[in-house]
Amino acid sequence: MDTNIESRTIAVLVDNEPGVLARVIGLFSGRGYNIESLTVTEVDVAHGFSRITVVTSGTAQILEQIKAQLGRLVPVHRVRDLTKEGTSVERELALIKVAGAGEKRVEALRIADIFRARVVDSSHDHFVFEMTGQSDKLDVFVDLMQPLGLIDVSRTGVVAISRGAKAL
């Protein structure tokens, strides 16, 4: 039996109607599956479609079960395992609030410049940085801000799209 835990990014095209997200989340929670990241937005107004991007983890068998069960939900039109099907582009947005004065302020700005984080709000005693990138890059930036006066972090969760000309 395969016990290797792997992480997968799954894109799901669904009808944009009340209760759909609750049904998808219910599928995960009802079976004890973990959701590491979840994003949802309407992507096709004309057809009433929304796209759910979920990052989850488990054994290969559990991940196949998740995809199969998602595919059986009535409002689901398409399920794609972006991790398994080839290369994809994944990004996440974070807003990071840091307090600081003096040398800590200078150091926070220096690190932000290295990571290409933008200052979107500032006062004499704090900054709010905006940063996009892969989740692990955001994790490192947040860790580096911790000793410099990290106050708060807000993250969007992963958004992903496959490379190439093929649509979801």
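Tutor: What follows starts with the whole chain, turns to the open sheet and its helices, and ends with the other strands.

This is a predicted model, in which local features need pLDDT of at least 70, side-chain atom pairs count only at pLDDT 80 or more, and totals for chains, interfaces and linings use all residues. Residues are numbered from 1 along each chain as its sequence is written, and side-chain values use heavy atoms, with hydrogens and water left out.

First, the whole chain. The protein chain has four helices and nine strands. Helices (H or I, at least four residues) and strands (E, at least two) are DSSP runs, numbered from the N terminus. Their order from that end is β-α-β-β-α-β-β-α-β-β-α-β-β. The C-alpha atoms fill a box of roughly 55 × 45 × 35 Å along the principal axes. Confidence is given as pLDDT, the predictor's value for each residue, from 0 to 100. The chain has a mean pLDDT of 94, and 99% of its residues reach 70 or more. Helix 1 has the lowest confidence, at a mean of 91, while strand 8 (residues 150-155) has the highest, at 98.

Four strands form an open sheet in the order 2-3-1-4, with antiparallel pairing. Strand 2 (35-44) and strand 4 (76-81) are at the edges with a single partner strand each, so one side of each lacks a neighbour in the sheet. On average, neighbouring strands are turned by 20° against each other, direction ignored. Two strands count as paired if DSSP finds at least two bridges between them. Strand 1 (residues 6-15) and strand 3 (residues 49-58) are antiparallel partners over ten bridges. Within this pairing, threonine 9 stands opposite valine 55 in strand 3.

Next, the helices. Helix 2 (residues 60-72) packs on the sheet and touches strand 1, strand 3 and strand 4. Its direction makes about 5° with that of strand 1. Helix 1 (residues 20-30) lies across strand 1, strand 2 and strand 3, and runs at about 155° to strand 2. Contact means heavy atoms within 4.5 Å. Axes are lines fitted to C-alpha atoms, for helices over the stretch in contact, and angles run from 0 to 180 degrees between N-to-C directions.

The two helices also meet each other. The axes of helix 1 and helix 2 come within 11 Å and cross at roughly 145°. Val24, Leu27 and Phe28 in helix 1 touch Ile66, Gln69 and Leu70 in helix 2. By class, this contact has five nonpolar residues, one polar and no charged. Here Ala, Val, Leu, Ile, Met, Phe, Trp, Tyr, Cys and Pro count as nonpolar, Asp, Glu, Lys and Arg as charged, and the others, Gly among them, as polar.

Last, the other strands. Strand 5 (residues 88-99) pairs with strand 9 (residues 159-162) in the antiparallel sense over four bridges. In strand 9, serine 162 is the bridge partner of serine 88. Strand 5 and strand 7 are antiparallel partners over eight bridges, and alanine 94 has methionine 131 of strand 7 as its bridge partner. Strand 5 and strand 8 pair in the antiparallel sense over five bridges. There, lysine 97 is bridged to aspartate 152 in strand 8.
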